Amino acid sequence: MAEARKAFVCGHPIAHSRSPLIHRHWLARYGLAGSYDAIDVAPADFGAFAAALAADGFAGGNVTIPHKEAAFAAAARRDGAAAAIGAVNTLWLEDGVLCGGNTDAHGFAANLDERAAGWDDGGSALVLGAGGAARAVVHALKERGFRRIIILNRTVERAVELAQRFGAGVAAHGYEASGHWLRDADLVVNTTSLGMHGEALPVDIALLPDDAVVTDIVYVPLVTPFLAAAAARGLRTVDGLGMLLHQAAPGFERWFGTRPQITEALRALVLADIERTA
Ligand code: ATR
């Protein structure tokens, strides 16, 4: 029998992570001997944790808040997405060398590919928020050929910094200018945490074109007030749960050797957990 491989998700806090549910589902589904555990690592301990992965017998693991930048620094090799985003969410070992990748942009795009075919046909995207999640989203949009990406953020300086990181075709503004940009956006992405607290975003969905696609990377609640307002207007909407599921797949393949599928059964499993704990 193949040796059981060990993987993890580390963060601080980590108790509410749904990654173990996802990866354990795949281990069982593909009949693989392996484990995937949530590990709480305090910020001061992350460097030592990363340095000891091989000695501790791990094949690799996921990294979440607040360790994604520290994981980027700890990785001796990084994939292109991690380099562009400046953060690592997936670690693995190659010949004992710690490697870091970022699968958040892939997860974002794969979710939209699955649930809103043609989402990247237009050239103009509006990104709300300028935190770590927005960095991955802007990278994905550039990769998919969006010609104009407008970042709107409460703290304009943060949006400007993000726009500068990605260069040509990416611009930054405050919300007071949102009406102008909403009128010809093909895609609107909420990356702010506002929907988690039931708060409305300071943008007027009525101004969007009728064929705009609206997505939120928040998935608790599954239907944020922003998505609900867009759906009520008859716009195509995509919730954030698929991004969580799709970002998990490349790591699983690296550690356990099988590319897992994102099925309706998996989505239902995670949804049930959200409904039970939210
Ligand atoms: P993450 O890394 O998950 O993206 P973050 O870095 O804390 O998280 O970013 C959260 C985003 O939500 C930011 O764009 C933040 O705006 P600021 O940069 O101005 O803080 C946005 N956000 C949070 N609360 C907000 C609020 N009440 N109104 C508007 N934007 C808000």
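Author: Pro13 sits in the loop between strand S1 (5–11) and helix H1 (19–29); helices (H or I, at least four residues) and strands (E, at least two) are DSSP runs numbered from the N terminus. The model is predicted, so local features need pLDDT of at least 70, side-chain atom pairs count only at pLDDT 80 or more, and totals for chains, interfaces and linings use all residues. Residues are numbered from 1 along each chain as its sequence is written, and side-chain values use heavy atoms, with hydrogens and water left out.

Backbone next. The peptide bond joining His12 to Pro13 is cis, with omega about 0°. Val220 and Pro221 are also joined by a cis peptide bond. There omega is about 5°. Pro221 lies in the loop between S11 and helix H9 (225–232). Asp95 has a positive phi, near 50°, and is not a glycine. Asp95 belongs to the loop between strand S5 (90–94) and strand S6 (97–101).

Now the part for the close look: helix H5, residues 104–115. Take its packing on helix H10 (residues 241–256). The two axes (lines fitted to C-alpha atoms over the stretch in contact) come within 7 Å and cross at roughly 125°; angles run from 0 to 180 degrees between N-to-C directions. H5 supplies Asp104, His106, Gly107, Phe108, Ala110, Asn111 and Glu114 to the contact (heavy atoms within 4.5 Å). H10 answers with Gly242, Met243, His246, Gln247 and Pro250. By class, the residues of this contact are four nonpolar, six polar and two charged. Ala, Val, Leu, Ile, Met, Phe, Trp, Tyr, Cys and Pro count as nonpolar, Asp, Glu, Lys and Arg as charged, and the others, Gly among them, as polar.

H5 also packs on helix H6 (132–143). Here the axes are 8 Å apart and the angle is about 60°. That makes H5 oblique to H6 as well. From H5, the contact uses Asp104, Ala105 and Phe108. From H6 come Ala136, Val137, His139, Ala140 and Leu141. The contact of H5 with H6 divides into six nonpolar residues, one polar and one charged.

A cavity is a set of points on a 1 Å grid over the protein atoms alone where a 1.4 Å probe fits but cannot get out. The count comes to one cavity of 30 Å³ or more. The largest cavity has a volume of about 30 Å³, the space filled by probe spheres set on the points. Its lining (residues with an atom within 4 Å of a point) is Phe108, Asn111, Leu112, Thr215, Asp216, Ile217, Asp239, Gly240 and Met243. H5 and strand S11 (213–216) are the elements that give two or more residues to this lining. The largest share, three residues, comes from H5. The lining of the largest cavity holds four nonpolar, three polar and two charged residues.

Key: On a 1 Å grid over the protein atoms alone, a cavity is a set of points where a 1.4 Å probe fits but cannot get out, and a pocket is an open set with protein on both sides within 12 Å along at least five of seven lines; lining residues have an atom within 4 Å of a point. Angles under 35 degrees count as roughly parallel, over 145 as roughly antiparallel, 65 to 115 as roughly perpendicular and the rest as oblique.
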